[in-house]
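Let's take a friendly walk through a protein model together. Keep the picture at hand while you read.

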Amino acid sequence: MQIMSSLSLGKSEKTERRTLRHFLNNAAPYLFMAPAAVILIFALVYPVGYMMFASFFDWRPSQPFSDAEFAGLDNYIWLLQDAGFLESFFVTVTFAFTVVLLEMALGVGLALMLERPMKGMSVYRTIFILPMMIAPIAVGLVWRYMYNPQFGIFNKMLNAMGFESVPWLSDPSWSLFSIILADIWQWTPFVMILSLAALQSLSGSVVEAARLDGANNWNLIWHIKIPLMLPVLIVTLLLRLIDAFKVLEVIMILTNGGPGLSTEILSLRIFKTVTDSQELGLAAALSNMLLGLVLIITIVMFVFNKMRETRSSKMKAAAEKY
């Protein structure tokens, strides 16, 4: 009896140890993720939730939040009826989509150029990457001097060619173009780096097979390389769109949203609402609307990418079937 009881105790201990080991193996990934999850909650989830809650109050920095008056949807209704907000919204969308489309075209083009073996290729790549490494405030200061109407390099070049000086930052018809040009200069290298990485990861056998079938360089680019790069390009496009909607420092240094509201994007309007108007509830509502806009674009991009992947898998399955 003692032998049987000791055997049963040994089996139960082994079972408990096995259960504990199984639990620890399953819980290990979550335990490793716990510190990052805690940081994410306090650094992202809590501020966003607090911002959404604050948007329903008439809150100013001079008073504690407990004394803020509940405003309901008044902040959102006022924004939708405000002509300044609607103009800033239009400027933001125009700026974001213009810079991203041009940066994607230029970045992919530069990546295709730098993919080819050339003498001094590492030097060229370093030069093209440099603008992305500069702080946005420094970029704004450099371009502000270049746009200067008296001694800026752009007007000096125009005068040397017999043209009149251009009021780059003081004329509404030129100011938006000026900040678009500065953003393209700074962030095209980001698109180029990711595109170049996508190109270098392509299968050499696919490209070689296309060449053997008689494909020229243009056919390779449009029908082989770009379709295979599409997953990376979609992610790059999404990252640049999100970043373009929240750009602040360069525009603040160059124009501070002027002249008038010609370059005032929503992120700058949020900043001015806090610092100048000191209306924290209204600024929170503005931030929520900008966040909603970015979320809509993100969801549309993910749905498009999912539909593309589903269509590609169906075409591949049909090709394998026949």
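What covers the buried residues of helix H6 includes helix H5 (136–146). Here, helices (H or I, at least four residues) and strands (E, at least two) are DSSP runs, numbered from the N terminus. Buried means under 20% relative accessible area, exposed means over 50%, and partly exposed lies in between (1.4 Å probe, protein chains only). The model is predicted, so local features need pLDDT of at least 70 and side-chain atom pairs count only at pLDDT 80 or more, while totals for chains, interfaces and linings use all residues. Residues are numbered from 1 along each chain as its sequence is written, and side-chain values use heavy atoms, leaving out hydrogens and water.

**Helix H6 and its two sides**

- Helix H6 covers residues 153–160, and its buried residues are Phe 154, Asn 155 and Leu 158.
- Looking down the axis of H6, these buried residues fall within an arc of 95°, so they line one face of the helix. The arc is that of the directions from the helix axis to the C-beta atoms.
- Lys 156 and Ala 160 are exposed on the other side of H6.
- Just after H6 comes Gly 162, which takes a positive phi of about 90°.

- Thr 236 sits in helix H9, which runs over residues 217–245.
- Is Thr 236 buried or exposed? Thr 236 counts as buried because its relative accessibility is 1%.
- Setting aside neighbours within four places in sequence, Thr 236 is in contact (heavy atoms within 4.5 Å) with Met 104, Phe 190, Val 191 and Leu 194.

**Salt bridges**

- How many salt bridges does the structure hold? There are nine, each being a side-chain nitrogen of Lys or Arg within 4 Å of a carboxyl oxygen of Asp or Glu.
- Arg 240 pairs with Glu 103, their closest N and O atoms being 2.8 Å apart. Arg 240 lies in helix H9 and Glu 103 in helix H3 (residues 83–115), so this pair ties together parts that are 137 residues apart in sequence.
- Both Arg 240 and Glu 103 are buried; for Arg 240 the relative accessible area is 1%.
- Arg 240 also forms a salt bridge with Asp 243, where the closest N and O atoms are 2.9 Å apart. Asp 243 and Arg 240 are three residues apart in helix H9, so about one helical turn separates them.
- Asp 243 counts as partly exposed because its relative accessibility is 23%.
- Glu 264 and Lys 272 meet through their side chains in a salt bridge (3.3 Å, N to O). Glu 264 counts as buried at 4% relative accessibility, and Lys 272 counts as buried at 18%.
- Salt bridges that share partners join Glu 103, Asp 183, Arg 240, Asp 243 and Lys 246 into one network.

**The whole chain**

- The protein chain has 12 helices and two strands, following the pattern α-β-β-α-α-α-α-α-α-α-α-α-α-α along the sequence.
- Its radius of gyration is 28 Å, but a compact globule of 322 residues would have one near 20 Å. This radius is taken over C-alpha atoms, and the globule rule is 2.2 Å times the number of residues to the power 0.38.
- The C-alpha trace of the protein chain spans about 110 × 75 × 40 Å along its principal axes.
- Of the 322 residues in the protein chain, 36% are buried.
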